[in-house]
Amino acid sequence: MELSYDWRSFQSLFYSKKKLNSGELQQAVYLVTEGQVVVSAFSEGQDLSDWIGSTWDEVDAEFAHREVFVFDRLQVDQWMSQSVEKVHFYDQIRFIQTQSQPLRINRSRGRSQDLMARGHFLLLAVKTWWRVVFPSAYGIYICLDENPALSVLVLVKNGDVSSFHVPDLSSMIPDRRRVPSDVVKYISEGHHVPVQGLFLTSKEWAEWSERERPWALIAGALRADRTKLAPFNWGLTVLIYLRAYLGI
């Protein structure tokens, strides 16, 4: 694994698991089957390993109140093999998410399948409209709760995530580590690319991450000065407001 990839921090920030209440176990059930036999079973926040070896009809009957997605094992193996052609693990995840087509969908209202392929709003923005305001190579530094330990630097090249890690600020003067503009300048100089800093609370980040289009929330946080951009970027701010209120 490349040293420039901190998978634990990346997953914690962009793919954190939703905590479920005891009365909230209504998540979709995902099955991988070989013929009629279940070889893998998953549902967010619940252990379904006891159902391996059962038929998918039995699982479906047990979870009659839930959405059930059934995937063929041969197809899953094929998607996994094709994903290996992608250079980075993040791209492999996105490939599988976008390519996966269930063999059967029971009682689906489309919601869960949309969530599977949706991806994180910020990572999708990086590959699309953020190209308008950023150069071909740049960095995004996300810092939560003013705590460098709760941060990640995402380096982007030509619209693709090229690396990500928690930057080392140990050689900075302690007082400077508390100044967002100084932190971003230090990181930018160390990686020789412009860096856009995003400083906010973990609570707001979690709320944004659960949404496909959180731009109105982001615009409100910027306006209330709860979230800070360092350096301040007029072009990015205008685009966020346009997407928030005009849907552009």
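What percentage of the 248 residues in the protein chain do buried residues make up? After that, please look closely at strand 3 and explain why it is largely enclosed by the rest of the structure.

Mentor: The model is predicted, so local features are taken at pLDDT of at least 70 and side-chain atom pairs at pLDDT 80 or more, while totals for chains, interfaces and linings use all residues. Residue numbers start from 1 along each chain as its sequence is written, and side-chain values use heavy atoms, without hydrogens or water.

Buried residues account for 43% of the 248 residues in the protein chain. Here buried means under 20% relative accessible area, exposed means over 50%, and partly exposed lies in between, with a 1.4 Å probe and protein chains only. The accessible surface of the chain is about 13900 Å², and 54% of that surface belongs to carbon and sulfur atoms; these areas come from the Shrake-Rupley method with a 1.4 Å probe, and for residues only the protein chains shown count as cover. The chain holds ten helices and nine strands, where helices (H or I, at least four residues) and strands (E, at least two) are DSSP runs numbered from the N terminus. Of the contacts between residues at least 6 apart in sequence, 57% join residues at least 24 apart; a contact is a pair of residues with heavy atoms within 4.5 Å.

Strand 3 covers residues 68–72, and because four of its five residues are buried, the strand is largely enclosed by the rest of the structure. Its partner is strand 1 (residues 29–34), which runs parallel to strand 3 and is joined to it by five bridges; two strands pair if DSSP finds at least two bridges between them. One of these links can be named: Tyr30 has Phe69 of strand 3 as its bridge partner. As a general point, side chains in a regular strand alternate between the two faces of the sheet.

Arg73 and Glu34 form a salt bridge, with their closest N and O atoms 3.1 Å apart. Since Arg73 belongs to helix 3 and Glu34 to strand 1, the pair ties together parts that are 39 residues apart in sequence. Arg73 counts as partly exposed at 36% relative accessibility, and Glu34 is also partly exposed, at 48%. A salt bridge is a side-chain nitrogen of Lys or Arg within 4 Å of a carboxyl oxygen of Asp or Glu, and by this rule there are seven.

Lys127 and Asp160 have their closest N and O atoms 2.6 Å apart; as Lys127 lies in helix 6 (residues 121–127) and Asp160 in strand 7, the pair ties together parts 33 residues apart in sequence. Lys127 is partly exposed at 36%, and Asp160 is partly exposed at 34%. Lys228 lies in strand 9 (residues 228–230) and, leaving aside neighbours within four places in sequence, is in contact with Gly197, Leu198 and Phe199.

The interior can be described through its nonpolar cores. A nonpolar core is a set of buried Ala, Val, Leu, Ile, Met, Phe, Trp, Tyr and Cys residues joined through side-chain atoms within 4.5 Å. The largest has 36 residues, of which Phe14, Trp130, Ile142, Trp205 and Trp215 touch the most other members. Apart from this core lies another of 13 residues, including Leu169, Met172, Ile187 and Val195.

Phe232, Trp234 and Val238 make a nonpolar surface patch of about 370 Å². Such patches consist of residues with over 30% relative accessible area and no salt bridge, with like charges joined within 9 Å and nonpolar side chains (Val, Leu, Ile, Met, Phe, Trp, Tyr) within 5 Å. Trp234 belongs to helix 10 (residues 234–245) and counts as exposed at 63% relative accessibility, whereas four of the five residues of strand 3 are buried.
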